[in-house]
Amino acid sequence: MSRLAFLVREALVNLRRNALVVTGAVLAVFISLSLAFGALVLNELLRINTLAWQEGTHVVAFLKDPAEGGLDQAGQLALMAEIEAWDEVRSVRYVDKAQAYEEFRQLFADRPELIETVNPAVLPASYRIELTDIDLYRDVVFRLRAMPAVLEVRSFGEQIDQLSTLSTVLNFLGLGLALVLGVSAVILIANTIRMAIYARREEVSIMKLVGASNWFIRVPFLLEGLIEGLLGAGLSVLTVWIAAQNLRTLGSSIPLIRFTISDQFFLRWGVLFLLFGATAGVVGSLLGLSRYLREADGGAKPGTV
Amino acid sequence: MIRLEDVTKVYEGGVVAVRDISLDIQRGEFVFLVGPSGSGKSTLIRLMLRQEPVTRGTIWVAGKDITKLPAWKVPYLRRSIGTVFQDFKLLPNKTVFENVAFALEVLGRPRSVIRPHVTQVLELVGLADKADRYPRQLSGGEQQRVSIARAFVNRPPILLADEPTGNLDPATSVGIMRLLDRINRTGTTVVMATHDHAIVDAMQRRVVALSEGRILRDDATGRYEAVLRGAPAPTEKGAEEQA
């Protein structure tokens, strides 16, 4: 117990007395993890925005009038409920003939002569359909066309295809960037801590000389790496979070692009990044130490000939 | 206490540092290992500490064959041997007190035991008033006394010293030798490698003279140079001083 207390105290004292090297290591963790976390946030923004672009009406089904062999309004509403139950469909909005005329009037409000020439009875009622997954539009269009009550089906097929591809590419790039920066972060952190231990290799050999076991030497170094990793990672999460909050405030005046990232996202990835920083610190310490521990051991192989 | 039997050490690259040396050191003895640079003094010390493995032969320390000691038991060997080196080997980020205390922390002693022991041994070496200084704030002689305090604080049966006065002026060296002598009088076996003629001649203790990895001479109360006729030629250093 007293030994554990000593090792913890040892780590804390070392952190204080090697302030400059410790600051360097914490900064390395902070900067590299900030970049990686920033890339991840960027990717999340892309994902949220490409999802947002996909919202809205994807397919419009115009309906036959009852006079032309279509259903009456009650029948049309019943059919709507049926379509809404399809797996591919997220929601259906019913636009009756009166609403269609109202929409038409608003659309051409600056051309009254056009409005006058159109008889409200000519405009058909319609379903405005939003899909759960835009890639499924072909199937939905096919099924709607087969219905006798449906006059005509329009979809934004080509645009949907393009948008879908763009989303995939952007998300892939964002994730790739985060991954590359994440890997560089581990290498940078491990290397920085390794260098810090290199500067203290003489200490390791002295400790061995006095009869310290490998674990007795390792534990304070591990704790130092752990604290440096946690400190750097914590700072980077905090910095990126503050930056994202500012971005949300700044971006609130810009239409179409969404800048809001859920706190859940920050919580989940924040914890993961803390773990990441801590692991990198510990692994860096272990790697850095192993060589000097072995060097100071002078012959793990007794009686070698 | 320490027994070497046909010990040979060949370093990587084929340099033979020690050739077929056999040596028996009794409990409580004070033994000088003398000889020019490269004669094998330091290698013998390193072998006794298991800082290097032997190439051939056997070394017993306190009745144990240390050449067959598994790596995880090496720390236990070193806790029973105090060490003093020419370059002091103090931890630069620790105070005098912490440096000495470290040897007891390694043993897992509670703080309540460590404090009085360290204070006592610092008084013995005359540095009680400098307990809170860092090594860089001390003179060479003072640093060496800290390292002797650390080597002695857990009362090890053996103390190995490799050129402990090598970096010190003659007056300071005398002080260090007095300390080592005092420690020896408490029953600790002391083995000291040196090429300081004055010290060896003044102390009148057992002298083992080495040359090119072999034992030239082993006198119970010897001088640095052989006084008998027909003895081997003077060492390099000796020749310089005679000129």
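Residues are numbered from 1 along each chain as its sequence is written, chains are lettered from A and ligands numbered from 1 in the order in which they are written, and side-chain values use heavy atoms, with hydrogens and water left out.

The predictor gives the complex an ipTM of 0.84 and a pTM of 0.72. Over residues 236-243 of chain B, however, the pLDDT is below 50. Where pLDDT is low, the predicted coordinates should not be read in detail.

Chain B and chain A bury about 2700 Å² between them, 53% of it on carbon and sulfur atoms; buried area here is the accessible area (1.4 Å probe) that two parts lose on being put together, summed over both. Within chain B, Arg78(B), Asn93(B) and Phe102(B) lose the most area to chain A, together 22% of what that side buries. The contact (heavy atoms within 4.5 Å) takes 35 residues from chain B and 28 residues from chain A. Three salt bridges cross this interface, each a side-chain nitrogen of Lys or Arg within 4 Å of a carboxyl oxygen of Asp or Glu. The side chains of Glu202(A) and Lys89(B) meet in a salt bridge, at 3.7 Å from N to O.

Thr95(B) lies in the loop between β6 (81-85) and α3 (96-105) of chain B, where helices (H or I, at least four residues) and strands (E, at least two) are DSSP runs numbered from the N terminus. Leaving aside its neighbours within four places in sequence, Thr95(B) is in contact with Arg17(A) in the other chain, and with Ala131(B), Asp132(B), Arg133(B) and Tyr134(B). Its relative accessible area is 8%, so Thr95(B) is buried, a term that means under 20% relative accessible area, with exposed over 50% and partly exposed in between (1.4 Å probe, protein chains only).

Pro164(B) sits in another loop, between β7 (158-162) and α6 (170-185) of chain B, and counts as buried because its relative accessibility is 0%. Not counting residues up to four places away in sequence, Pro164(B) touches Val84(B), Phe85(B), Gln144(B), Leu180(B), Met192(B) and Ala193(B).

Key
Predicted model: local features only at pLDDT ≥ 70, side-chain atom pairs only at ≥ 80, totals over all residues. pLDDT = per-residue confidence, 0-100.
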